Amino acid sequence: MIRAMLVSLLAVALAAQAPLPLPDAPVRLIIPDAAALDAALQGGYRDFLNGEPKDGDPLVAAWRRTQVGSKLEDQWGRLAGDLPWTWDTIRKLQPKAVGLAISEVGHLEAVLVIETPLAQLPVALPKGQARTHGGVAYALVAKGAADGSEDKDRRMGLAWARMGGRLILATSERALKRALDEALAGRGFKAPLPGLVAMELNL
């Protein structure tokens, strides 16, 4: 009985340490304990992640002065028509871990992976076109610039899939397929060091 209990505890520990299927990218970020980060988020940082920055906030002012920040804010507004998500929306999924890979800055191509224990999500996802890749079903809502989209004003598309206990969101169909390939091959990215947030830069 004790042996069975130890095996069960080991299985739970290994599952908790399982890497998230983030494809190789110049920037990969992981939040290994989303609840711990949420408890630590305060003030302007929480407002910023919820899309409700205060007027005159120095963090927002500095962000908007950068070329990437101003461009991303414009494109995020366009994406929000399909996916109006904020940090509070992600919290509703009761995330255990969250990972982000930014593979192509020019195309604003990224993958977001959320590990959630929920069988049914409390938030709606746009249906899009039903497709499959490697036997995994996914939805293509809008093509991104990396997919050769003809919409020159919109760089960020949207594709998503659920695989096991993970929700995978991507700003291009290409990026989503890469993440699914990682998952199917049993590869991924895990926090190299303990902490609220871990980041890998390969620039």
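**A walk through the sheet and its cores**

Strands here are DSSP runs of E with at least two residues, helices are runs of H or I with at least four, and both are numbered from the N terminus. Two strands count as paired if DSSP finds at least two bridges between them. One of the partners across this pair is Leu158 in strand 6, bridged to Ala142.

A quick word on what we are looking at. This is a predicted model, where local features need pLDDT of at least 70, side-chain atom pairs count only at pLDDT 80 or more, and totals for chains, interfaces and linings use all residues. Residues are numbered from 1 along each chain as its sequence is written, and side-chain values use heavy atoms, with hydrogens and water left out.

Back to strand 5, residues 136-142. Is it enclosed or open? Five of its seven residues are buried, so the rest of the structure largely encloses it. Buried means under 20% relative accessible area, exposed means over 50%, and partly exposed lies in between, using a 1.4 Å probe and protein chains only. On its other pairing, strand 5 runs antiparallel to strand 4 (residues 129-133) over five bridges, with Ala130 opposite Ala139. Those two strands make a hairpin with two residues between them, and Gly134 in the turn has a positive phi of about 60°.

Now zoom out. The open sheet has eight strands in the order 4-5-6-7-3-2-1-8, with antiparallel pairing. Strand 4 and strand 8 (198-201) are at the edges with a single partner strand each, so one side of each has no neighbour in the sheet. From one strand to the next, the twist averages 20°; axes are lines fitted to C-alpha atoms, for helices over the stretch in contact, and angles run from 0 to 180 degrees between N-to-C directions.

Strand 1 pairs antiparallel with strand 2 (residues 97-104) over five bridges, and with strand 8 over four. Val27 has Ile102 as its bridge partner in strand 2, while Ile30 stands opposite Ala198 in strand 8.

What about the cores? A nonpolar core is a set of buried Ala, Val, Leu, Ile, Met, Phe, Trp, Tyr and Cys residues joined through side-chain atoms within 4.5 Å. The largest has 23 residues, and Leu169 and Trp85 are among those with the most contacts inside it. A second, separate core of 21 residues includes Leu22 and Ala175. Contact in general means heavy atoms within 4.5 Å, and Leu169 touches Trp85, Ile114 and Trp160, among others, not counting residues up to four places away in sequence. Trp160 also stands opposite Leu169 in strand 7.

Asp38 sits in helix 2 and is buried at 17% relative accessible area; beyond four places in sequence, it touches Arg46, Trp87 and Arg91. Glu109, in strand 3, is buried at 1% relative accessibility. What does the side chain of Glu109 join in a polar contact? The side chain of Ser172, at 2.6 Å. A polar contact is a pair of N or O atoms within 3.5 Å; within protein, one must be able to donate a hydrogen and the other to accept it, and residues adjacent in sequence count only if both atoms are side-chain atoms.
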